[in-house]
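This briefing summarises the computed geometry of one protein model. Please consult the sequence and the structure alongside the text.

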Amino acid sequence: RTIERQGELFLYMHSQMIARYNAELLSWDLNLLHAWGYNDLLTFGYTPVPGMRDQFGARPPFQGWYEDHSPHIAENESDAFPPIKSLIEWKNNVFQSINEGFLVTTKKDGSRGKLQLTPEIACNWVGIVVEAENHPLQEVEPGSGEYIDG
C-alpha cells in the first residue's frame with residue numbers, strides 16, 4: 001500500500017534533486033543536465049566504490065546501454081536490471097497513458113477498466129506507476145479489487 005500522495009512526492013523529490021544538481025553545475029560553470037537516451041554514449045567512465053561494484057559494475061568511457069546484460073555486473077545481480085527493450089516499452093506505455101488520459105486497470109474477474117487521469121489525480125498516479133517496482137499491483141482504491149495493469 002502506498003502512502004497518501006506518494007506518486008506526487010516521488011515526482012517532486014526527483015524534480016528537486018535535478019534542480020539542486022543543476023544549481024551545483026551552474027555554480028561550477030558546467031553545462032546543465034540533459035535527458036540521457038538509450039542510444040547515447042557516456043563520454044566519461046565511472047567505477048563505483050568497492051561495495052557497489054558487484055551490483056552496479058563499472059562503465060567504461062564511450063559506452064552506451066547494454067541490450068541485455070552488462071559484462072561489468074555480476075551474473076547473480078543482473079536480474080535486477082531489465083533489458084533496454086523492456087525499459088522502452090514501459091516508458092512508451094506511460095507516455096501513451098498520459099496522452100490518452102487514462103491508466104488501464106484489471107479487475108478481480110479479469111476484465112479491464114480505465115482509471116481516468118484527471119488533473120486532481122494524474123501526478124499522483126503517474127508517479128506511482130513510474131515507481132511501480134515497489135508496488136507492482138497497486139490497487140486503485142483500498143478493497144476495490146481493481147489494480148493498475150502493469
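How many helices and strands are there in the protein? The protein has 4 helices and 3 strands, where helices (H or I, at least four residues) and strands (E, at least two) are DSSP runs numbered from the N terminus. The model is predicted, and local features need pLDDT of at least 70, side-chain atom pairs count only at pLDDT 80 or more, and totals for chains, interfaces and linings use all residues. Residues are numbered from 1 along each chain as its sequence is written, and side-chain values use heavy atoms, with hydrogens and water left out.

**Overall architecture**

- From the N terminus on, the order of elements is α-α-α-β-β-α-β.
- Of the 150 residues, 26% count as buried; buried means under 20% relative accessible area, exposed over 50%, and partly exposed in between (1.4 Å probe, protein chains only).
- The protein exposes about 11000 Å², of which carbon and sulfur atoms supply 57%; accessible areas come from the Shrake-Rupley method with a 1.4 Å probe, and for residues only the protein chains shown count as cover.
- Among contacts with a separation of 6 or more, 35% come from residues 24 or more positions apart, a contact being heavy atoms within 4.5 Å.

**Helix α3**

- Helix α3 (residues 84–100) has 17 residues and reaches 24 Å from its first C-alpha to its last, close to the 24 Å expected at 1.5 Å a residue; the expected span is 1.5 Å times one less than the number of residues.
- Ile84, Ser86, Leu87, Val94 and Ser97 are the buried residues of α3, and these pack against β1 (102–107) and α4 (122–130).
- Gly101 follows α3 and has a positive phi, near 85 degrees.

**The sheet**

- An open sheet is formed by 3 strands in the order β2-β1-β3, with antiparallel pairing; two strands pair if DSSP finds at least two bridges between them.
- The edge strands, β2 (112–116) and β3 (146–148), each pair on one side only.
- Neighbouring strands of this sheet are turned by 40 degrees against each other on average, direction ignored; axes are lines fitted to C-alpha atoms, for helices over the stretch in contact, and angles run from 0 to 180 degrees between N-to-C directions.
- Thr106 stands opposite Arg112 in β2, and the bridge partner of Thr106 in β3 is Tyr147.
- The hairpin of β1 and β2 has 4 residues between the strands, and Gly110 there takes a positive phi near 95 degrees.
- In a regular strand the side chains alternate between the two faces of the sheet.

**Salt bridge and positive phi values**

- The count comes to 1 salt bridge, defined as a side-chain nitrogen of Lys or Arg within 4 Å of a carboxyl oxygen of Asp or Glu.
- The side chains of Arg5 and Glu8 meet in this salt bridge (2.8 Å, N to O). Arg5 is partly exposed at 48% relative accessible area, and Glu8 is partly exposed at 24%.
- Arg5 lies in the segment before α1 (6–27), and its phi is near 60 degrees, a positive value in a residue other than glycine.
- Asp29, in the loop between α1 and α2 (53–56), has a positive phi of about 60 degrees although it is not a glycine. Asp29 counts as exposed, at 72% relative accessibility.
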